[in-house]
Amino acid sequence: MFQLFKNRDFGDYISDTFGFFRQTGKHFMKIYFTINGIPLMIMLVLSYFLFQVYFDLLKTSMSGQDFSGFENSMTENFPFIVILAILLFLFLIFMSMLSYTVPVIYLDLYDKKKGNNFSVGDVVSALKSNFAKMLIFFIASLFVITPILIIVFILLFLLVFIIIGIPLLLFAIPTAFSWIALSYYEYINFDKGYFEALSDGFSKMKSQYFPIVGSLMLMYIIIQVTMTVFTMIPYAFGMVSMVTSLEQNPGSTEGLATFGIMMAIIMVITILMSYILNNLMLINQGLAHYSRRENDENISSQDSIDLIGRE
């Protein structure tokens, strides 16, 4: 059984994150895709077609074609487009809620069941019982955390001009993610109010800032490098096809169409991988949550004493 409650340092956060996926990754990913698979596929298909519509508009602009037909179509269908945009935004929030909450619920059940002897149904039941809390946290964060982060990042971008903002900006992204993730673990796992969870999440992050945020930054770098490697192949293929087509037929849009398809594929791959690989960061922060609880409550020692008593 993987040990959740354990005092960890920087190296432990890295090794234990990968160790968790080595030990129970198959079970975790099975549950993750069973719950998120269909919503994720819907989002990918919608994203692909929306990008194609945008790229067709761009291609029309570059080829100098008449926009009147497109403008008339947009005007006639404007109410439908607005409704569709709202529905897509709500669906994106729902998808993000599921994706962010599954790792939180999974680790909580892993702790309560003393291993991964639980099913998809157990996770779904926990998601249903926590749905109101999930919704409150995400909606509240839009009005509380988002404005704070916007102000902070604007100030950091301004500080870039005097150099000191560059290292601060590099730490700002993982710091913000860590604060939100640890607060979310506190909010879902305990009977706490929203602002109490934010305060406790910030305190846990601050109590071991460089190991927690530093390990998260490394995870973020690993994810970005991995995504770059996978997306560069279709991008390079699309660029070669477009350049070759333009050299052979300067007025042709065939190469541009191929490039558009490749870019749409890149976008789909990027979205899919970002959701999947995001689990690395969420599990990493979950381990930080349980590590800080072990530091504060000494839970593993109490469990060992209880186990000796049963023997």
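A residue is taken as buried when its relative accessible area is under 20%. In this predicted model, Glu186 has a relative accessibility of 1% and therefore counts as buried. Lys192 stands at 18% relative accessibility, so this residue counts as buried as well. The side chains of these two residues, Glu186 and Lys192, meet in a salt bridge, with a distance of 2.4 Å from N to O. Lys192 also takes part in a salt bridge with Asp200, where the closest N and O atoms are 2.6 Å apart. Through salt bridges that share partners, Glu186, Lys192, Asp200 and Lys204 are joined into one network.

In total, the structure holds eight salt bridges. Among them is the pair formed by Arg8 and Asp16, whose closest N and O atoms lie 2.7 Å apart. Both partners of this pair, Arg8 and Asp16, are buried.

When residues up to four places away in sequence are not counted, Thr24 touches Tyr106, Tyr110 and Asn116.

The surface was also examined for nonpolar patches. One such patch, of about 1,100 Å², is made by Val82, Ile83, Ile86, Leu87, Phe89, Leu90, Phe94, Phe131, Leu135, Ile139, Leu142 and Phe143. Two elements, α3 (78-112) and α5 (131-143), are those that give two or more residues to this patch. The largest share comes from α3, with seven residues. Ile83, one of the residues that make the patch, has its place in helix α3.

The network of Glu186, Lys192, Asp200 and Lys204 rests on salt bridges that share partners.

Note on methods: Residues are numbered from 1 along each chain as its sequence is written. This is a predicted model: local features need pLDDT of at least 70, side-chain atom pairs count only at pLDDT 80 or more; totals for chains, interfaces and linings use all residues. Side-chain values use heavy atoms; hydrogens and water are left out. Patches are made of residues with over 30% relative accessible area and no salt bridge: like charges are joined within 9 Å, nonpolar side chains (Val, Leu, Ile, Met, Phe, Trp, Tyr) within 5 Å. Accessible areas come from the Shrake-Rupley method with a 1.4 Å probe; for residues, only the protein chains shown count as cover. A salt bridge is a side-chain nitrogen of Lys or Arg within 4 Å of a carboxyl oxygen of Asp or Glu. Helices (H or I, at least four residues) and strands (E, at least two) are DSSP runs, numbered from the N terminus. Buried means under 20% relative accessible area, exposed over 50%, partly exposed in between (1.4 Å probe, protein chains only). Contact means heavy atoms within 4.5 Å.
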